[in-house]
Amino acid sequence: MSNQDIEKQEFNITVYTENQIGLLTRIAIIFSRRKINIESLNTSPSEIDKIHRFNIVITESEEVVRKLVRQIEKQVEVLKAYYHTNADVIWQELALYKVSTDVIAEKVSVERLLRENGARVVVLRKDYTVFETTGHREETDNLISILQPFGLIEFVRSARVAIIKDSEGFNRKLREFERLEPGEEVIENEYLNQGEKVFTM
Amino acid sequence: MEVAQETLTTPAPTTAVEVSGSVALLEALIVEGVDTIFGYPGGAIMPIYDALFDYNDKLNHILVRHEQGGIHAGQGYARTSGKVGVVFATSGPGATNLVTGLADAQIDSTPVVCITGQVFAHLLGTDAFQETDVINITTPVTKWNYQVTDANEIPEVIAKAFYIAKSGRPGPVLIDITKNAQIQKFNYQGYTQCNHIRSYRPKPIVRSEYIQEAAELINQAKKPFVIWGQGVILGSAEQEFKAFIDKSGIPAAWTVLGAGAIPTEHPLNVGMLGMHGNYGPNVLTNECDVLIAIGMRFDDRVTGRLDKYAKQAKVVHLDIDPAEIDKNVKSTVPVWGDCKETLPMLTKLIEEKKHTEWLNTFNEYTQKEVEAVIHDELNPTSPEMTMGEVIKQLNEITKGEAIIVTDVGQHQMVACRYAKFNKTRSNVTSGGLGTMGFALPAAIGAKFGAQDRTVVAIIGDGGFQMTLQELGTIMQTGIDVKIIILNNRFLGMVRQWQELFNERRYSFVDIQSPDFVTLASAYKIPGKRIDDRAELPAVLNEMLNTKGSFLLEVMVTKENNVFPMVPQGCSVAEIRLK
């Protein structure tokens, strides 16, 4: 393993954007141009009406991530981009598992399975059952390995959604953007923010 | 008669009128101050061209011979005029032919707005005739792009396009307009220029703390060194830059795109940076104690091997694009902002100094370079001419007043090294992308952008053959562009590398050319071919005194190399003189 690999870790990139066709491509090619794999990508509304939020997960060194975030923020329709380590965010992924109802009913203690894995039943039919669980990667992976021996018919996991632990939301910042001349109090420069816990560019 | 057929003279009519999307587009261009359009019609842009027929008196449309020529001309226009270059092309092949120019404009931060026609909106995605996904093809090579499918969007989108292209770090913008939107009549409310987009901040806020820190570093420096790039020119900060240099007394060197921001002859201008730059600026980059980079992006052709680049120096980096700070070279003090604002703030805080001894070190290196390289290049004793002596002779006649447009390769490096520039916006070349075929169309655009100036295109025999169809544009417009082909019968730069690094295995660099003078005469452009240096002064005078364009083919020595050279993978201090 090279030094670079050791430095690499999962980063959560949060991007606040206008809702514009084509912006997904513009953001995606910033990664693909540098041959960096996007491990998870979620787009959703944000706390502010008409402003969208991307959650992107990649495994890279912080130096690379910082440069990527600057390239993202440079895009005309991007309002703001942040990056955080897993420790700095609350994150969840949702997974669905489809199994044969017969097999499950016969061979598994469903009650224990649900309790131990924080799972719940979404659909219960004669022919199949769909379980759902939400959590970190290990938790959703764990249920796969439990269900696999019983003939897991289908599995799907959502992209990651993450909430930044230490942020006051984007509302205040947006007001600054809407003014023609940003106020003096707007912190635009990461070097001035070293004391702050939340990284902002 | 339809209202759409009339030309609207006021930007904001008091009562709304019904106009077509095409008319709204042309009205927008007029309000934006556009006087020249480079373009080529085709099926999907016909409604715009139909409207253009009635705007002939207000918008000068130049019919190019290929869309690539159109966008390079737009770039040349933008580079000499400081305005936004405007290019029209049709859908499909018309639009894809723009891609090289867009990539060139993107990497060289040139403000260009391209309007492409697109098939009817209802045909999008059906593989219709001349349909191409232009937005997705051009996304990586544009600062912004947008597809218009409804005429109502046109005024606002064009306003955004111009604002984005020219503000902050400039760049190319492409607007793809479906044919139905060009035809569609809508309630036109006038055109308002854009000066704010919520999600877009063209320049970062200047932080006085960093100006202060930068000034302290500069004031304490014993061997400070300024390196500047095109940012000074793009920011129209030439005066502010000169004031900074003059007060600080710091020797300053330029990137290829920064050339001419201060005159070549300025006593503190110590020359060119990079792979084929001057000896002193390269070697002393690794000896200075404070390196002040202004409006430049530490391209690999400037830095050579990065892990051996200016490691001893504290780096002050002034740039308008936050993504450039710390991208290649880690800065000690990042001065984010427009150098037109930050330079005067810095100048105010720095002490007036003269770094005489340090400046002399540069001069000593210049002497070494003169002895080893420059003297022989400019005053050769060989029977065949060198590229350098042609440039030297040209300098003597133009006195550094001409706009020099170069293509890519050996002649480009020689021209940039030896051409004299008295004025800003005088060096037009393809820097970042290295686009062969750039010079001829760019020179046409450069002349339209600066009609009172002499434009001399210096082109290699290889590059000229990539876009020589634009001789047709010269013929039809009667534009005055002086063309010098420096013909060494080789793809010289690749040959040089093959000689130096591939044991002279000259793989496909031997290129034959047509008789360029006869070719020019087919386009009714006078020309001459010379191979005797005795003729050079007279024929250069003849070229410059000829009314209209002129093509001069100069036969130069076949296997000359451009030196000095920082070989790839070497540090700037390892620059070779031979």
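This is a predicted model: local features need pLDDT of at least 70, side-chain atom pairs count only at pLDDT 80 or more; totals for chains, interfaces and linings use all residues.
User: Which strand of chain A holds A:Ala81?

Analyst: Residues are numbered from 1 along each chain as its sequence is written, and chains are lettered from A and ligands numbered from 1 in the order in which they are written. Helices (H or I, at least four residues) and strands (E, at least two) are DSSP runs numbered from the N terminus. Residues 78–85 of chain A form the strand with A:Ala81, and that is E4.

User: Is A:Ala81 buried or exposed?

Analyst: A residue is buried if 20 or more other C-beta atoms lie within 10 Å of its own, exposed if 12 or fewer, and partly exposed in between, with C-beta atoms placed from the backbone. A:Ala81 has 23 other C-beta atoms within 10 Å, so A:Ala81 is buried.

User: Where in chain B is B:Phe298, which has a positive phi although it is not a glycine?

Analyst: The phi of B:Phe298 is about 50 degrees. B:Phe298 sits in the loop between strand E12 (290–294) and helix H13 (300–303).

User: Is B:Lys399 buried or exposed?

Analyst: B:Lys399 lies in the loop between helix H16 (387–398) and strand E15 (403–406) of chain B. Because B:Lys399 has 10 other C-beta atoms within 10 Å, it is exposed.

User: What kind of peptide bond joins B:Phe563 and B:Pro564?

Analyst: B:Pro564 comes in the segment after strand E20 (550–555) of chain B. Omega for the bond between B:Phe563 and B:Pro564 is about 0 degrees, and the bond is cis.
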